[in-house]
Amino acid sequence: MSKQKYDTRPISPVTSYTISEICTLLKPQKLHEQTVRSWIKEGLPICYYGKPILINGAALIVFLQNKKAKLKQPRKLKTNEFLCLKCNQPVTPQDNNITTEQQGNVIIAHATCPHCQKTILRNYSISTLDTLYRIFNVNGIPRLCVSETPSDNTNIVPQNATSQNNNRISPDFLKTNPLNEYLKYKFRIYLTNHKGFDHKTSVTHMQLLRQYEKYCNFTDLHKPKQKTVCEYINHTTSTHSVSFCEGCTSTLREFFKWLQTQPKYKNASNTAIIAFCNLTNNQRKTARSKAYQESYTLEEIRTAINKMPRTTDKEQRNLAIVSLMALCGLRNSEIRTVKIQNLKQDPVSGRWFIDINPKMMDVKFAKHRIAYFMPFDKEWVENVINWRNKLISMGYKNKDPLFPTTESKYIALNTGVSKLTKTGINNNKTIRNIFKESFTNAGLRYINPHSFRHTIARWAAMHSQAAFTSVSQSLGHSDVYTTAEYYGKIPTSQIGLELNKIEQELNQT
């Protein structure tokens, strides 16, 4: 376990964790609590020595990065050495014979391991061809074939190989107040268990609370001063956006309210301080106002789908993803976690729909809903249904993901095939990249896939009220007002066209 490399990305530098929480964050690496205690003996700093023991996230990230950097790095291969993956050691080619071929400015050398008789490969710069002829018995590229442009892929292992450290930790994150860390930990537990916030939302509150703590030079949070709070709000308003200030004041207000409920700190903050943690009415309205969201037209979506390739399994999967998003406007997290059994057909109307079940999918607010396919192109429906039927014919079960990931299997030099797995896409960035590639290749601008929900809502707004209500339920909005206010706003160009029609009617009369 001492040579284990730990992924520090789930750790927030503004949050303090208990030993059990660290083990939960690093659960994929099967971290044990005793390992964390051994880290403390090795020098992992503790920011609060009470019960429970708290470890600052920034200090933990720095400790793991330094631990990773100290791991033994592979030495640089000598010119006459190859790395045998089976033997897991540097070896010299059998009988000193190699076969070479050129790929651009890179020489790919093939040889045979003298121990396991397996094929070994290594890349060389084409400028080292003369050296290879002096060292090996070369069969392949003529000696006079030398490129003037050197290659960037000369060695397999760089000379000064170091681990990739994540340089997102600044010295400011390492400065803490032990009592403040304990109070923030208790407040985070309150937000999670009492308020029902998820981990991501709780970490956001910790980030905003640290902004105030940093402004106060890490003085005790349980001793707030009305003058300091007012100065902090004025400073934040003048240096940051109104939306950010709204989040800061909301977090401070919630923290001081919670502090009044704690036995030792009931008199720490009074009602006047809580009242000052507010913005003006105009500032609050400005912070909550929504800008106009651009969206694709149906014709643009149709153009992009028609130009998408559909030869390989990966291309057919991407085609089905874009088609399904255009038909029912799912969120990114819903698209990547939808299962085969969630795609169903209504026996009464005959229309296909997605049964968005939070027990099987990653759904916002865990709300169950039915997302019917919109009456758009039948070709889009066929793209989704054909993809589903293909997965079933390949042996996929109902509980398998509708859009699985792919892995590349290299069957020859620089040639490979993508093979479908039975694991779902685990990153929303993958979904966004699929849409970006599809629309940019079609010569269209890229807009976030969430804009498809605006497209569907604006299409419904141009039809009957019943259609708009149905679309509102399909999008998962609890109130039609939400759809009308934030999604169903008619594009400005459409408003101009409608006014032109009215003007023509008036001129005719």
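Two strands are taken to pair if DSSP finds at least two bridges between them; strands (E, at least two residues) and helices (H or I, at least four) are DSSP runs, numbered from the N terminus. The structure is a predicted model, in which local features need pLDDT of at least 70 and side-chain atom pairs count only at pLDDT 80 or more, while totals for chains, interfaces and linings use all residues. Residues are numbered from 1 along each chain as its sequence is written, and side-chain values use heavy atoms, with hydrogens and water left out.

Strands S6 (residues 106-112) and S7 (residues 119-125) run antiparallel and are joined by 7 bridges. Thr 112 has Thr 119 of S7 as its bridge partner. The two strands form a hairpin with 6 residues between them, and Gln 117 in the turn has a positive phi of about 65°.

A further open sheet comprises 3 strands in the order S9-S10-S11, with antiparallel pairing. Its edge strands, S9 (343-345) and S11 (369-372), each pair on one side only. Between S9 and S10 (residues 352-356) there are 3 bridges, and Gln 345 stands opposite Trp 352 in S10.

Helix H8 (residues 242-260) packs against helix H10 (residues 281-288) at an angle of about 110°, with the axes 8 Å apart; axes are lines fitted to C-alpha atoms over the stretch in contact, and angles run from 0 to 180 degrees between N-to-C directions. H8 is therefore roughly perpendicular to H10 (65 to 115 degrees). In contact (heavy atoms within 4.5 Å), Val 242, Ser 243 and Glu 246 of H8 meet Gln 283, Arg 284, Thr 286, Ala 287 and Arg 288 of H10.

Conventions:
Parallel < 35°, antiparallel > 145°, perpendicular 65-115°, else oblique.
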